[in-house]
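Hi,

Here is the structure I promised to pass along. Have a look at it first, and my notes follow below.

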Amino acid sequence: MSDIDTTPRTRTPGPWDVQPSQHTETPRASDAAAPGADQPVEKDQSLVWALASTALMGGFLWWITGSAVVAGAVLIGLFVHEAGHALVMNRLGMGPARIYIIPFLGGLAKARREPKSEWHGVLVSLAGPAFGLLAMIPFMGVGLVLGRPEWLAGAFFIALLNLVNLVPAPPLDGSKALGPVLTRVHPRLEQGVLLVIGVAVVWWGLSTGRFILAAFLALSVFSHMKRGVWRTAWGTLHWPEAGKSLALYLLTLAVCAAATVGALLPVTEGDAAGAMRLGLSYLGIGR
């Protein structure tokens with residue numbers, strides 16, 4: 001998950017901006033920060049808290065999975081996922097980016113500077129899931145060579161982590177990658193789609209016993225509802241950028257889905273349909 005503001009200050013605020021007050025005087029162009037301007041520099045996370053939060057997250061993962069290998073895989077997957085966001089942030093001049101582990105919830109990559117365009121924001125959002133799949137490689141290798149099911153399970157959960165992040169529900173990466181495309185059609189479409197999917201994901205979390213995740217997503221959906229629609233109907237991406245954004249989103253989604261199923265193929269002896277059913281059953285779908 002990335003924490004970026006995909007809306008330059010010189011244009012109409014988007015769904016991840018602070019909502020402008022109706023009674024606030026419109027700032028002059030000379031007062032507006034230019035795209036790519038520095039955000040207020042936050043104090044770095046202390047080494048003690050960084051180690052403590054990582055240990056808490058690792059312990060939580062071990063508690064819910066019952067496996068040190070799977071817990072380690074997911075923790076490594078989180079770091080690699082956030083590193084993908086951070087690397088692209090730095091590449092696009094938004095750095096130096098910082099990576100945080102949030103106990104019981106996941107990870108966060110935070111930029112120092114705003115993206116120069118919404119297209120850059122889309123690239124940052126998709127970089128995490130795409131780059132995060134690299135963490136699968138050693139776990140798949142050990143699982144296949146040594147025949148260790150736990151290591152294959154670790155690879156599966158890494159792929160699943162990146163796939164779930166592509167769900168277009170606030171505040172997951174999918175909402176920040178697909179949201180600007182929907183806004184290009186009409187801002188009300190973005191608000192409606194993200195709201196419907198967000199509510200569905202919250203219901204899924206509650207119905208499958210993932211209460212912490214459900215509560216976190218519910219707060220994000222509520223925040224999304226409060227923000228409302230303030231963008232102009234023509235959105236902020238150019239049509240070619242919207243087309244490229246949609247194509248990249250669908251490609252990343254397809255690759256992550258294929259990797260998730262592929263990690264289960266050795267367990268189902270190459271049966272792709274069986275691997276899909278096994279993966280869906282873990283998510284509480286189709287039981």
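In helix α4 (residues 136–146), the buried residues include Met 136, Phe 139, Met 140 and Gly 143. Here, buried means under 20% relative accessible area, exposed means over 50%, and partly exposed is in between (1.4 Å probe, protein chains only). Seen down the axis of α4, the buried residues fall within an arc of 100°, so they line one face of the helix; the arc is taken over the directions from the helix axis to the C-beta atoms. Ile 137, Val 145 and Leu 146 are exposed and sit on the face of α4 turned away from the buried side.

Before going on, a word on conventions. This is a predicted model, in which local features need pLDDT of at least 70 and side-chain atom pairs count only at pLDDT 80 or more, while totals for chains, interfaces and linings use all residues. Residues are numbered from 1 along each chain as its sequence is written, and side-chain values use heavy atoms, with hydrogens and water left out.

As for the overall layout, the protein has 10 helices and three strands, in the order β-α-α-β-β-α-α-α-α-α-α-α-α along the sequence. Both are DSSP runs numbered from the N terminus: helices are H or I with at least four residues, strands E with at least two. Of the 287 residues in the protein, 45% are buried.

Now to the rings. A pair of aromatic rings is described by the distance of the centres and the angle of the planes. Rings of Phe, Tyr and Trp (its six-membered ring) pair if their centres lie within 6.5 Å; planes under 30 degrees apart count as stacked, over 60 as edge-to-face and the rest as tilted. That rule gives six aromatic pairs. One of them joins Phe 156 and Phe 157 edge-to-face, at 5.1 Å centre to centre with 65° between the planes. Phe 156 is buried at 5% relative accessibility, and Phe 157 is buried at 19%. Phe 157 also pairs with Tyr 282: the ring centres are 5.1 Å apart and the planes are at 80°, so this pair is edge-to-face. Since Phe 157 lies in helix α5 (residues 149–164) and Tyr 282 in helix α10 (residues 272–282), the pair ties together parts that are 125 residues apart in sequence. Tyr 282 is partly exposed, at 36% relative accessible area. Elsewhere, ring pairs link Phe 60, Trp 63 and Phe 104 into a cluster.

Which charged end sits over the ring of Tyr 282? That of Arg 210, 5.1 Å from the ring centre. Likewise, the charged end of Lys 244 sits over the ring of Trp 119, 4.7 Å from its centre. The rule here asks for NZ of Lys or CZ of Arg within 6 Å of the ring centre and within 35 degrees of the ring normal.

Finally, the salt bridges, defined by a side-chain nitrogen of Lys or Arg within 4 Å of a carboxyl oxygen of Asp or Glu. The count is one salt bridge. Arg 277 and Asp 271 meet in a salt bridge at 3.9 Å, N to O. Arg 277 is exposed, with 54% relative accessible area, whereas Asp 271 is partly exposed at 36%.

Best wishes
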